[in-house]
Structure formats: structure tokens, C-alpha cells
Amino acid sequence: MLKSFHRFRGECHVSTWIYKIARNVFIQYSRKNSVTTISIDEGSLDIPDRDGPEEVLERKESSRRVIGALLKIPEKQREIFWLREWQGISYEEIASITNHTLSWVKVNIHRARLAFRKSYCEGGNVDD
């Protein structure tokens, strides 16, 4: 990436440019290789036991529901939803990263929010 920095045209933030490169590298890699998904198990969601067992259990259950709800959203919507809600990236930057129009990004983030809300309220069970 540093070797290619001279190609950066300054039309967007550097972070947007880096996200776009990372996304394209992943897409190229996943097309050439069979990409296996990594399961997010209970062990990876361990939270320090500063709170009581009820609070720990509640946070783990909430994390499970969030992950389950995210996995039910279509992949393209999940990607832009994640970039907007968890990474805090602007609509314009998401449009640049994903090579979609600004209106497409706005519509699909709205749809992703609706799908996430519905799935989360239903319990976020992946097995449904």
C-alpha cells in the first residue's frame, strides 16, 4: 500500500482509500480461494467478570442476538451497515468504497436497519 500511495488522488479520505483496497483484496482472494467463515463462539465473546453473573449473561445474550441478527442481513447490506453503524463511515465514503451510488447506499442502509431491527427483535437466531 505504501508503494502505491503515489496513486492516491486525494478525492476521498485516506481511510476510505484503505478500506477500498482492503475490500478489493478480500474480494479477489475470496474469488481465487474458497473462503471459510469463522464461527464466533461463546469463547470469543468472553467479557471480564467485573459484573455479576446476571450482567455477564445478559451481555453475552445481547452479543449473540446482535451477531445472529447481522448474519441474517444480506451480505451487501451487512457490509455497508457495518461500515456505517460500527465504523462510523459517512454515506459518501461508503459509496466510494463499494462503487455504488449515494442513493443506493442510503436505500440499502435503510433496508439493512429494518432487517436488523426485525431479526434482533425476533431473537437473532441464526438457525431460524
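The largest nonpolar core has 8 residues in all, namely Ile80, Leu83, Ile89, Ile94, Ala95, Ile97, Val105 and Ile109; a nonpolar core here is a set of buried Ala, Val, Leu, Ile, Met, Phe, Trp, Tyr and Cys residues joined through side-chain atoms within 4.5 Å, and buried means under 20% relative accessible area, with exposed over 50% and partly exposed in between (1.4 Å probe, protein chains only). Two or more residues of this core are given by each of α3, α4 and α5 (102–121), where helices are DSSP runs of H or I with at least four residues, numbered from the N terminus. The largest share, 3 residues, comes from α4. A second, separate core of 6 residues includes Ala69, Ile73, Phe81 and Phe116.

This is a predicted model, in which local features need pLDDT of at least 70 and side-chain atom pairs count only at pLDDT 80 or more, while totals for chains, interfaces and linings use all residues. Residues are numbered from 1 along each chain as its sequence is written, and side-chain values use heavy atoms, with hydrogens and water left out.

The axes of helix α3 (residues 75–85) and helix α4 (residues 91–98) come within 10 Å and cross at roughly 140°, the axes being lines fitted to C-alpha atoms over the stretch in contact and the angles running from 0 to 180 degrees between N-to-C directions. α3 and α4 are therefore oblique to each other, since angles under 35 degrees count as roughly parallel, over 145 as roughly antiparallel, 65 to 115 as roughly perpendicular and the rest as oblique. Where the two helices meet, Glu79, Ile80, Leu83 and Arg84 in α3 are in contact (heavy atoms within 4.5 Å) with Tyr91, Ile94, Ile97 and Thr98 in α4.

The axes of α3 and α5 come within 9 Å and cross at roughly 95°, and therefore these two helices are roughly perpendicular to each other. On the α3 side of their contact are Lys76, Gln77, Ile80, Phe81, Arg84 and Glu85, and the residues they meet in α5 include Trp104, Val105, Ile109 and Phe116. Leaving aside its neighbours within four places in sequence, Val105 is in contact with Ile80, Tyr91, Ile94, Ala95, Thr98 and His100.

Leu71 lies in helix α2 (residues 53–72), and Leu71 counts as partly exposed because its relative accessibility is 46%.
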